[in-house]
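Visitor: I have a structure to read. Could you walk me through it?
Guide: Gladly. Take a look first.

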Amino acid sequence: MKTPSSPTAAPPPLIELQGVVKTYGQGQASMQALRGIDLRIERGDFVAVMGPSGSGKSTCMNILGCLDTPTSGCYLFEGVEVGALPRNRRALLRRHYLGFVFQGFNLLNRTSALENVELPLVYRGMPAQQRHARAMRALETVGLGGWAGHTPSELSGGQQQRVAIARAIVTDPKVLLADEPTGNLDSARGIEIMELLTALNRDKGITIVMVTHEPDMADFASRTIRFRDGLAQSNGRNV
Ligand code: ADP
């Protein structure tokens, strides 16, 4: 008889939300930002998250990023219930398995591209030489090997977002959570960033969950999850 722990059992999905509800406030002033989200994200998926403002996208991304916990329902990461983990284990999950990319790049302005990319490794206590080598490799992966000594103000918006992506992948995360990564870029630069994310997904197998308002950018993903009034629906495969 197969049991869940038998070696032949299929591994659990990378990410699973089961009936996730998030309520803000209490009593009459309370509001449900998420009203029961069920979704599965498999290893190697590239998911676009779309939906009108206020539909619950950020709330859901905060839960996926271990910045917030559901009011009820379950968030399972590789079959482990994240809400049941103590805070320090959740922080470890965040630091070791997740990478984050934001609309506004969020780089340290007076610090070189290389040092920006090294930062997550500093938090891990990695020795300097090893850190430099890893950060250089990440910069090369995003096509900025020659720009390591430059500060963000010496780089274009597209290049700054590449540095931010290098910083997000320098820890070899399983999942990249991207919040409107092309929102501050013109469409040509936006497409370059999407091509880079597509390559990371295809060549490094990094699972990507990306919020976007732009259908052209969502087309790069293999499927779209649409939020509406705190509920989510997946359209299956785009391709
Ligand atoms: P989206 O990212 O799709 O714009 P959000 O997840 O930010 O949507 O918001 C969903 C709903 O939850 C909105 O009605 C918003 O006003 C509300 N909301 C979000 N964060 C908070 C909060 N910290 N306190 C109270 N209400 C919030």
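**Around the ligand**

Guide: A polar side-chain atom of Ser58 sits 2.6 Å from an oxygen atom of the ligand. That is a polar contact, here a pair of N or O atoms within 3.5 Å. The model is predicted: local features need pLDDT of at least 70, side-chain atom pairs count only at pLDDT 80 or more, and totals for chains, interfaces and linings use all residues. Residues are numbered from 1 along each chain as its sequence is written, and side-chain values use heavy atoms, leaving out hydrogens and water.

Visitor: Which element gives the most to the shell around the ligand?
Guide: Helices (H or I, at least four residues) and strands (E, at least two) are DSSP runs, numbered from the N terminus. Helix 1 gives the most, with three residues. Strand 2 (31-41) and helix 1 (57-64) each give two or more.

Visitor: Which residues touch the most other members of the largest nonpolar core?
Guide: A nonpolar core joins buried Ala, Val, Leu, Ile, Met, Phe, Trp, Tyr and Cys residues through side-chain atoms within 4.5 Å. Buried means under 20% relative accessible area (1.4 Å probe, protein chains only). This core has 39 residues, and Leu139, Ile165 and Leu197 touch the most other members. Helix 5 supplies its largest share, six residues.

Key: A polar contact is a pair of N or O atoms within 3.5 Å; within protein, one must be able to donate a hydrogen and the other to accept it, and residues adjacent in sequence count only if both atoms are side-chain atoms. Buried means under 20% relative accessible area, exposed over 50%, partly exposed in between (1.4 Å probe, protein chains only).
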